[in-house]
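Please open the structure in your viewer and keep the selection tool at hand.

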Amino acid sequence: MSNWLTREEKTNDLDNNLRSSTGEDAQPTEGEHEVWNQVNSVLQDSESILTGLQAYKGAGQEIRDAIQNPNDMSLQERAWNSVCPLVIKLKKFYSFSLRLEDALKSLLESLTCPPLTPTQHLEREQALAKQFAEILHFTLRFDELKVCYTQINTPALPHCELTEDCLDVLMQMRIPAIQNDFSYYRRTISRNRINNMNLDIENEVNNEMANRMSLFYAEATPMLKTLSTATTNFVTENKTLPLENTTDCLSTMASVCKVMLETPEYSSRFSSEDTLLFCMRVMVGVIILYDHVHPNGAFTKSSKIDMKGCIKVLKDQPADNVEGLLNALKFTTKHLNDESTPKNIRTMLQ
């Protein structure tokens, strides 16, 4: 893949890929239209999802009043009436993650299928590559809104995926109202079920749906978890597809983003800071996916991703822009703390 990025005669192809990754000049060809339309129908709703999450206020005061005054039925009713529409909104976010998962799988199928190589796919199907990038951009934005990473001094952690124990120590919720509201909803539903009371909202969010939503929101970065799982399942389910088709697609996108960020010729074309952030989020997103699906991960010396270069590119940006992205590499990857990870890479992310 590095030859594709460095050979002089491929400059124009690289330039085309760079433009497609930042959202320019990437119209679907006839062969891309079916998948493009499917994914576009999902991406069209992404901004409203982010706006809804950003505006999420929660029913904390109403819930506290109801808990402190258990015999005041008017306060119980007020809390319940406040929580129910919020739970419907939380279901909307969760349901969107399922649509996003299906969209990602369709893109992976298109961008990794033989006989074309991943590089050829990315060069010829730039509209789909752009949509893949947009999904990653949305995912990082969603999770940045939900989580506020807290940098604290901790001993080296054993390699692990995001577990609740790790997250309790390393992160704190930016929007704790989400879990508070949902916990109150589930407690109330359970209590009413014991009292043989049926509530209309259970037609919208029944016990099975509530369990799935609870697992989703227990993750500090639920959208990244969704995409990581979806990519891993894609590889597992497509046993006849060489693993390299998927990992090379991801590593190529990471390399393209790194070149865009570190090369003044390309970065000077960015029209705004938003474009810069877009590129950084996409780079971090594909690194995380690669680390989850490659048996040896993204950090080993044999990795096709230049992790040292990618981390350096991030650290060259203003700290406020990259703190969450650097912490995503620390806490949502799978192999960072493996023995095979070079010490200098771990040091760079401390």
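Begin with helix α5, in this predicted model: on the face turned away from its buried side, select Ile 67 and Gln 68, which are exposed.

Next, select the whole of α5, residues 60-68, and colour its buried residues, namely Glu 62, Ile 63, Asp 65 and Ala 66. Now look down the axis of the helix: these buried residues fall within an arc of 160 degrees, so they line one face of α5.

For the second stop, select helix α8 (residues 126-146) together with helix α13 (residues 243-262). Their axes lie 12 Å apart, and the two helices pack at an angle of about 80 degrees. The helices α8 and α13 are therefore roughly perpendicular to each other.

Which residues meet where α8 packs against α13? Show the side chains of Ala 129, Phe 132 and Ala 133 in α8, and those of Cys 249, Leu 250 and Met 253 in α13. The residues of this contact comprise 6 nonpolar, no polar and no charged.

Remain at Cys 249, which is buried, with a relative accessible area of 0%.

For the last stop, select Cys 257, a buried residue with a relative accessible area of 2%. A disulfide is a covalent bond between the sulfur atoms of two cysteines. Across the whole structure, a search finds 0 disulfides.

Key
Residues numbered from 1 in each chain as written. Predicted model: local features only at pLDDT ≥ 70, side-chain atom pairs only at ≥ 80, totals over all residues. Heavy atoms only, no water. Buried < 20%, exposed > 50% of the residue type's maximum accessible area, 1.4 Å probe, protein only. Helix = DSSP H or I, 4+ residues; strand = E, 2+ residues; numbered from the N terminus. Arc of directions from axis to C-beta. Axes fitted to C-alpha atoms, helices over the stretch in contact; angles between N-to-C directions. Parallel < 35°, antiparallel > 145°, perpendicular 65-115°, else oblique. Contact = heavy atoms within 4.5 Å. Nonpolar A, V, L, I, M, F, W, Y, C, P; charged D, E, K, R; others polar. Disulfide = S-S within 2.5 Å.
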